[in-house]
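Hello,

Please find the structure below. My notes on it come after.

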Amino acid sequence: MTAYLVIDTSTRYGAAAVWRDGLSRSVSWRSRNNHTAELMPAVRWLTEAEGVAPDALDGVVVSVGPGGFSALRTGIGVAKGLAVAWSLPVAGVSTLEASAYPYRLTAERICSVLPAGRGVVAWAVYGMDDGSWSALTEEQVSPIAEFAAAQSGGTLFCGESAADVEEALRERMGTDAWFVVESAPLARLSGAAELGAAMLALGEAGSATAIAPRYLRSPRITPPGAPKPVSGG
C-alpha cells in the first residue's frame, strides 16, 4: 500500500501524518514558536508507530504556505531534507487550498482564512467548476474589514481564522455566510495529504529544490483597496 509522510507547520499549529489512502496516523500540536524542536520527534514517533521504514515511504507532502517565516521554514526544511536523504519525491501544497479542500462538496464557494497578523488575514476562494476543483480568486492578504467587503453570498468560510472574521461577515452577509470553526489543523492536514497524494500519484511532484515557501507579506505594502496577492519565495 502506498504510504506518504505529510507535514504542515504553516502556523502556530503543527501537524504530521502517515497517509495510506487516508490519514492512517496523525499528530498535531500548538507550538510556542518552537516547531524546530517539535517536528522531528513527531515524525520519528509516527514512522515508528506505523512501522514504516524510510525506504518503504513513497513520497513526502508538505504545506508551503502562506504562513509564518519560521514555521514554514521548519516544515519545508525537514520535508526537503528527508526527501533528499530518502530519495523520495516531494509535493508542495498551498496551505489555503489544503484548508478548503476537505469541504469541497459542501458549498459552491469555499473561502479559507488564515492568520496574518493582528486584524489581518490571508485568504482565497475555491470551488467546483464543472466537476473540477479550482481556485476562484488569487491568494491575498487583507485587513479583516477589506476582506469582508470583498466577499459575496453563499460562501462557506473555513480555516484557522474563520472565527476571527465571523462577526464582520455576519454583519455584511447574514445567513449567506456559513462557518466551519476549527480548533486544530487536522482538517487542513487531511486536505494537504489528499492534494499532495494526488500530485505524487500523477507524477506531478517536484524535486526538493523546487519546493519554495509562500511567506505572508505585510498589508502595509498593499495600496488601499487593492489586496496584494501572496507571492512565493
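This is a predicted model: local features need pLDDT of at least 70, side-chain atom pairs count only at pLDDT 80 or more; totals for chains, interfaces and linings use all residues.

Residues are numbered from 1 along each chain as its sequence is written, and side-chain values use heavy atoms, with hydrogens and water left out.

Five strands form an open sheet in the order 3-2-1-4-5, with mixed pairing. Strand 3 (23-30) and strand 5 (90-93) are at the edges with a single partner strand each, so one side of each has no neighbour in the sheet. From one strand to the next, the twist averages 15°. Strands (E, at least two residues) and helices (H or I, at least four) are DSSP runs, numbered from the N terminus. Two strands pair if DSSP finds at least two bridges between them. Strand 1 (residues 4-8) pairs with strand 2 (residues 13-19) in the antiparallel sense over five bridges.

Helices. Helix 1 (residues 35-50) lies across strand 1, strand 2 and strand 3, at about 160° to strand 3. Angles run from 0 to 180 degrees between N-to-C directions, with axes fitted as lines to C-alpha atoms, for helices over the stretch in contact. Contact means heavy atoms within 4.5 Å.

Glu182. This residue is in the loop between strand 11 (177-179) and helix 6 (186-201). Glu182 is buried, with a relative accessible area of 16%; buried means under 20%, exposed over 50% and partly exposed in between (1.4 Å probe, protein chains only).

Regards
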